[in-house]
Amino acid sequence: MTYSFNFCSKSAISLDEFVERIKSHYTGLDCLDRKHVNFFALQLQLLANNKYFLTDLVSDHVLKEALKIESGNSYGNDSWVIYVNKSPFFQVRVCFWHSDGEIKHQNDKLNVYRCLHDHNFAFLTTNYFGPGYISRLYQYDYSDELEEGCDGCLQSLGSHQLSSGEVIYYEPSKDVHLQVPPRAFSISLNLMFETNGNKQFIFDTDTGRILQTVTSSDAIAKQFIRELVDVV
Ligand SMILES: [Fe+2]
């Protein structure tokens, strides 16, 4: 289930300090116990307390774009990966939440505001700017046997608003969520860890049945290697 951390520290750290602290304590998925997760959550909150790092990063990025210098950061539609650690894998991502996002993207199959889903990786998230988005939270028991059409037997955990000073930890292949647009533009920060190799699902919001299995590029690569070994 999701875990919520509340910290009262107003201290702030830079993105570089944040990355160094995570690198020095994170050794891989096995170390995601309560003590380490608490430490990582605190570091994310200290980074979120820094209200200048993101504007500095954007300014730097815009300047490099103008000068045609590769910044090393990558964009999604409404997200921005600002740091990737290759081994052990973790990444830091900024997400942008628009109050009118549900209306603007209502025909998109994977509209984040209409897509009830789980993740096959653990992550921590905190609010950085604005009132914060609301999540409808569920949990389920993962099984490799689950596929399209199966009942996910989702257990509702209610709604939750991601507010300032709070860090939420999502367990992989356990927590399911549906995002509700914030009442005003909001930004969240994520610290994301590597995948556990499980399937990832999209659920029907009315029935809780599995609508779609999301195959990650990692899973596709593993399947390809398995098939190659079978052929050879
Ligand atoms: Fe999600």
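**View 1. Strand 12 (residues 200-203) and strand 13 run antiparallel and are joined by four bridges.** The model is predicted: local features need pLDDT of at least 70, side-chain atom pairs count only at pLDDT 80 or more, and totals for chains, interfaces and linings use all residues. Residues are numbered from 1 along each chain as its sequence is written. Strands (E, at least two residues) and helices (H or I, at least four) are DSSP runs, numbered from the N terminus. F203 has I210 of strand 13 as its bridge partner.

**View 2. Six strands form an open sheet in the order 8-7-10-5-12-13.** The pairing is antiparallel; two strands pair if DSSP finds at least two bridges between them. Strand 8 (155-161) and strand 13 (210-214) are the edge strands, each pairing on one side only. From one strand to the next, the twist averages 25°.

**View 3. Helix 1 (residues 15-25) and helix 2 (residues 34-48) have axes that come within 9 Å and cross at roughly 175°.** Axes are lines fitted to C-alpha atoms, for helices over the stretch in contact, and angles run from 0 to 180 degrees between N-to-C directions. The crossing makes helix 1 roughly antiparallel to helix 2, a term for angles over 145 degrees. Helix 1 contributes L15, F18, R21, I22 and H25 to the contact, and helix 2 contributes H36, F39, F40, Q43 and L47. Two residues are in contact if their C-beta atoms, placed from the backbone, lie within 7 Å. By class, the contact has six nonpolar, three polar and one charged residues. Ala, Val, Leu, Ile, Met, Phe, Trp, Tyr, Cys and Pro count as nonpolar, Asp, Glu, Lys and Arg as charged, and the others, Gly among them, as polar.

**View 4. The largest nonpolar core has 27 residues, of which L44, F123, L124 and L191 touch the most other members.** Such a core is a set of buried Ala, Val, Leu, Ile, Met, Phe, Trp, Tyr and Cys residues joined through C-beta atoms within 7 Å. A residue is buried if 20 or more other C-beta atoms, placed from the backbone, lie within 10 Å of its own. Two or more residues come from each of helix 1, helix 2, strand 4 (90-97), strand 6 (121-129), strand 9 (166-170) and strand 11 (186-195). Leaving out residues up to four places away in sequence, L44 touches L124, T126, V167, L189 and L191. Another core, of nine residues, lies apart from the largest one and includes L116, L154, V176 and I202.

Key
Parallel < 35°, antiparallel > 145°, perpendicular 65-115°, else oblique. Buried ≥ 20, exposed ≤ 12 C-beta atoms within 10 Å, placed from the backbone.
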